[in-house]
Structures are given as C-alpha cells and as structure tokens.
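Student: I have a model open on my screen and would like to learn how to read it. Could you walk me through its features one by one?

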Amino acid sequence: MPEYQFLEQVKRAFAIAKKDLRIYYKRGPVVIFGLIMPFFLFLAFSIGRSMPIEQLFTGLLGMAIFFSSMSIGPAIVPFEARSKNLERLVSAPVAVWAILIGDVIASFLYGFSISIVSLIIGLVLGVTITNALVLCLGMILAAFCFASFGVLLSAYPPTDIPSTVMMISNLVKFPLVFISGVFIPISGSGRIIASVSPLTYFTDLVNYCTEGNSYYSVFGDFAALIGFTLLFLVVAIKIHQKTLPERLS
Amino acid sequence: METSIEVKDLTKNYGEITAVNHIDFEVRKGEIFGFLGPNGAGKTTTIRILTGVIKPNSGTAAIMSYDILKEPLKAKQIISVVPEMANAYIDLTAWQNLMLIGELYGVPQRKRQERAEHLLREFELYERRNHLARGFSKGMKQKLILCMAMLTEPQVLFLDEPTSGLDVESARLIRDTIRQYNKDGTTVFLSTHNMEEANQLCDRIAIINYGRIAAIDSPENLRMESSSLKSVEISFDKPVPVNELSKIPNVTEAKKIGDKIRLYTDEPHSTINSLTDYARSKGLTIVSLNTLAPTLEDVFIKLIKEHRGD
C-alpha cells in the first residue's frame, strides 16, 4: 500500500473527518458556540429593527456558516490531546497535514449542513435567490475557509484545555462579525478594515445573490475566499507541525 | 540476523533534562525485546521516538530499515503501538474504533471487517462490539487497544506497560496473545515494570536508567553474570544472630527473610561448607538449605544501584 501517496493520505483524512463528525458535533462547546450563540446574536441584531428580509437573510446565513464552520475545528485537537487520542493518531501512518485536513473536512461538512438549514429558512421566509450557483459555490468556499480558520485557531497555544481555545477563538470571531457587514452594511473607510475579514467576502456574495448588488466583483469574492483558505491552511499546518511535540509531551 | 529496530546514539532533551542519553541498541527480527527501567528512566520517551510521536534531538532510529525521521509514514505503516496512556475513542463503539484504525492504515474494507471480527471474538469483546468504549472496564479497554494494534498485522509491535493495572486473567490473556503473535512472526518491543512478565516473555532485555542503557542481554545471561547475587538460604531449628553469619568468608550480605536467612555469596559451595561447620560448632540443626540463582529483579535493582552510584 503506497501509504505516502497523496490520494491515500486524502482517503485517511476522510476517515478522520468521519470520526470527528461522529464524536464532536454534539459536544457542549460545539453546540454552544456553533449553534446557540450565533442564533441569539442573530436575534439580538434583528429583533425590533425594521430590516428588509434580504438583509436579515444575509445576517442569518453569514452567522450560521461562520460560527458553525468554526465550531468543531478548534475543539478537536485540544480534546484529543487531553484524551490521549492524539498520540494514537500521530503514531498512525497519517501525515500531520492529512490529520488537519480531516478536521477541516469535518468542520466544513458541519458548517455547510447548518448553513443549508439557514438557507431553507430564508427561502421559506420568502427570500429570492437570483443566482443559486454563485450562492452555492460561495457557501462551499466560505464553509471550507472558516473551517480552515477554526483549525488554525487551535494551533496556538498548544494547550489541551478546549475552553482556552474556544475563548481565544471567540475573541477573534466576534470582532470579525462586527467588521464584516453581516447586519449593517459597511461603507467608507470601514471597507478597508472589513477587507481583512474573510466573512466580508461571503457577505458580499450573499448580497449579490439576494439584492443583486455587491461591493466587490463575484470573482474578487471567490478569489479572496480561496486566498484566505490557502493562507489559513498553510499557516495552520506549519504551526501545528511545530507545536505538536509540545502538545504531546 | 535481520534487524527490526536499529537505534544509534539517540538523545532527547526536555529543556535541561536529558530523558534519553545517547542510547544504542538493536532489536532482532522476530524477538520479544524487553525494555525495563524505573519510573522516569526514559522508556516511554524512547517508545515515543521510535513510533514517530516525538522527534529526538540527535541520533537515528530505523524500523525495518526505514528511518523514522526521514521516512516516517513508511515506518509507521509497519508498526503498531499500544501506548501507556493513550485510549481508544470512548465516544466510538468498539467496532467503530477498529474500523477507524483499519482506515488509517489503509486496510481494505473486507479485510478490516474480517480481522476486526476475528480479534473481537479472540478477546471476548464481540458481543460488546456495538457498545461505546466509554462503558468498558479498564481490562476491556486494554483488550480493545490491543485489538486495534493487531488489526493491521504489524511487523513490529510496541507495547508500553500493556498489563499495568489489569486483573490476573486479563494480564495472562494479553501475555498469551503477545506470545502467539510473536510466534507468528511479529517482533515485539515491550516496555514493562513487571520483572516476571519480562522474564517469561522476553528473548532479550535492555535495562535503562537515567536515559542510559545499563545492560542488554537475555534474562538468563543477566542473572548468570550477576554472580555476586547468588545466594544460599538457610533455616535452623533455633534463632541465630544474622550478623554472625555475615562474617562467614565470601558472604557479601546476610538478610533475615521470614524464618530463613539469605546469604549473598559468589561462592555458594564454600558458603554451604562454612554453614554446616557453623551449625555443628553451635549445636544447631539445619532445617532447610537452598542455593538460589539471582532473580531478574535482583539483577535489575543491582544494575540500577550501580548506575546511580550507590
């Protein structure tokens, strides 16, 4: 068995993803930070405001995909370091990048499924999607991008305490929600700050697909999401490779 | 003879502490190699380096000629590990744990299902295959971990304290299994505290202390080479002061053990003659008299003390 070949490693990454989904989707921190918190945050933004349904939908979908895609990733490595399962994984013939890609795939599938539910809710409420293909591609790219971001957030510090990682990841997530125009459109100089958040580009894509207008071009949004994904993945793999021995010792 | 594990000048530091200090050894193909040492001697660190979990600061280690640093995936593909601390996934069933390991090692689906069924039956876990590992006893978890290690039919099996804390029956089952798989060709690297286990299972033993190898040999040779640990055990019909017996020529140490007195000597034959003379001169009757070869535990303690400079 050519265990070192790329495709074989990808197959093993899917085995890890399957395991992650079986174990982590119902864990407390995942449910709280991936479902409950964004739901209440959505309510806090929307209740009592007379916002058009399209704008509400952008907020709902943005929050759902951002929080749920980033909920499993940060939890896995510290949980497994604590339960000593990480040592077992590392001693198996699976490259560190394949272990992390497995975690990203699990987070992606979870986030994408939750965002589909939000999409259905939006459609039931009467939101009109003008370009379903762009929205679908955008959701896939965004879920993968945020899942990669989640795994990056678990890279440092190399702790085995999940709550520490969740706290740090929330410290990063909340400012990004506010600067990304999820609920309140960003204009003027705010745009410069917004451009550092990957969520901005997904929000822009959803606006394009519902209201027909967007700040960036569709290709620009796609390119930004792909760029952020690659950046998060590369940095996550590099840092995890460096911190893994510390985590295991 | 073909080598399964080759370790050269391996060193691992944790800050100021040297956990493994320039060690060298080889494990021959098909043998059970014991790795003994007190707590903190460097046993687990060595296993973690050999299984690719952590990297050494210097030196090399190869499994079936695959360098664990240069070709880690090839080396890991042919080994399996029963780590001291690592667990099965407690939120997965026994069956799911086995399937996961099969997938991680690229074992084809049909084969991994057949192997899993066979192993679960062998370890009497088949009826519990669809139960979460969370509800398993320590013994059952350890059996499951061994099943997970054996699923991939490894060429080299690393076991770190595999019977620690288990009941007698489970420990015996695991020892019998290790013997059986070794008979079928698996090389076994066994780290243990249990001297009797090492004595029963191992073809050769390395004793490690303070990160250095103190001795490597077969259990029998280690015992025989420690001639100063030979002893004569005697009991008389009346109490005898131990310090009088310790003055007998060639006796290095005398100890009271229950109603007997054990005399450590490198000349058991002349010690027996001296003891019979002593009994005659004091009007004592010898109730029992035995010569004893050193146990592996005696050898271990002696080597550890020598190494420590006691």
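Tutor: Gladly, and let's begin inside chain B. Strand 7 (residues 156-160) of chain B has five of its five residues buried, so it is largely enclosed by the rest of the structure. Before we go on, this is a predicted model, in which local features need pLDDT of at least 70 and side-chain atom pairs count only at pLDDT 80 or more, while totals for chains, interfaces and linings use all residues. Residues are numbered from 1 along each chain as its sequence is written, and chains are lettered from A and ligands numbered from 1 in the order in which they are written.

Student: What counts as buried, and what is a strand here?

Tutor: A residue is buried if 20 or more other C-beta atoms lie within 10 Å of its own, exposed if 12 or fewer, and partly exposed in between, with C-beta atoms placed from the backbone. Helices (H or I, at least four residues) and strands (E, at least two) are DSSP runs numbered from the N terminus. In strand 7 of chain B, B:Val156, B:Phe158 and B:Asp160 point one way, B:Leu157 and B:Leu159 point the other way, and all are buried.

Student: Which strands pair with strand 7 of chain B, and in which sense, parallel or antiparallel?

Tutor: In general, strands of a sheet pair through backbone hydrogen bonds, either parallel or antiparallel. Two strands pair if DSSP finds at least two bridges between them. Strand 6 (residues 79-82) of chain B pairs with strand 7 of chain B in the parallel sense over four bridges, and there B:Val81 has B:Phe158 as its bridge partner. Strand 8 (residues 187-192) of chain B also pairs with strand 7 of chain B in the parallel sense, over five bridges; B:Leu157 stands opposite B:Val188 of strand 8.

Student: In what order do the strands of that sheet run?

Tutor: Six strands of chain B form an open sheet in the order 6-7-8-3-9-10, with mixed pairing. Strand 6 and strand 10 (212-217) of chain B are the edge strands, each pairing on one side only. Neighbouring strands are turned by 15 degrees against each other on average, direction ignored. Helix 1 (residues 43-50) of chain B lies across strand 3 (32-36), strand 7, strand 8 and strand 9 (204-209) of chain B, and runs at about 150 degrees to strand 7 of chain B. For such angles, axes are lines fitted to C-alpha atoms, for helices over the stretch in contact, and the angles run from 0 to 180 degrees between N-to-C directions.

Student: Which strands make up the antiparallel sheet of chain B?

Tutor: Four strands of chain B form an open antiparallel sheet in the order 12-13-11-14. Its edge strands are strand 12 (251-257) and strand 14 (286-292) of chain B, and the twist averages 20 degrees from one strand to the next. Strand 11 (residues 231-236) and strand 14 of chain B pair over six bridges in the antiparallel sense, with B:Ser288 as the bridge partner of B:Ser235. Helix 10 (residues 268-282) of chain B lies across strand 11, strand 12, strand 13 (260-265) and strand 14 of chain B, at about 15 degrees to strand 11 of chain B.

Student: How many residues of helix 3 of chain B are buried, and what do they pack against?

Tutor: Ten of the eleven residues of helix 3 (residues 94-104) of chain B are buried, so this helix is largely enclosed by the rest of the structure. Those buried residues pack against helix 1 of chain A, together with helix 4 (109-122) and helix 5 (138-150) of chain B. Just after helix 3 of chain B, B:Gly106 takes a positive phi of about 70 degrees.

Student: How many residues does each chain give to the contact between chain A and chain B?

Tutor: Two residues are in contact if their C-beta atoms, placed from the backbone, lie within 7 Å. By that rule, the contact takes 23 residues from chain A and 24 residues from chain B. On the side of chain A, the largest share, six residues, comes from helix 1 of chain A.
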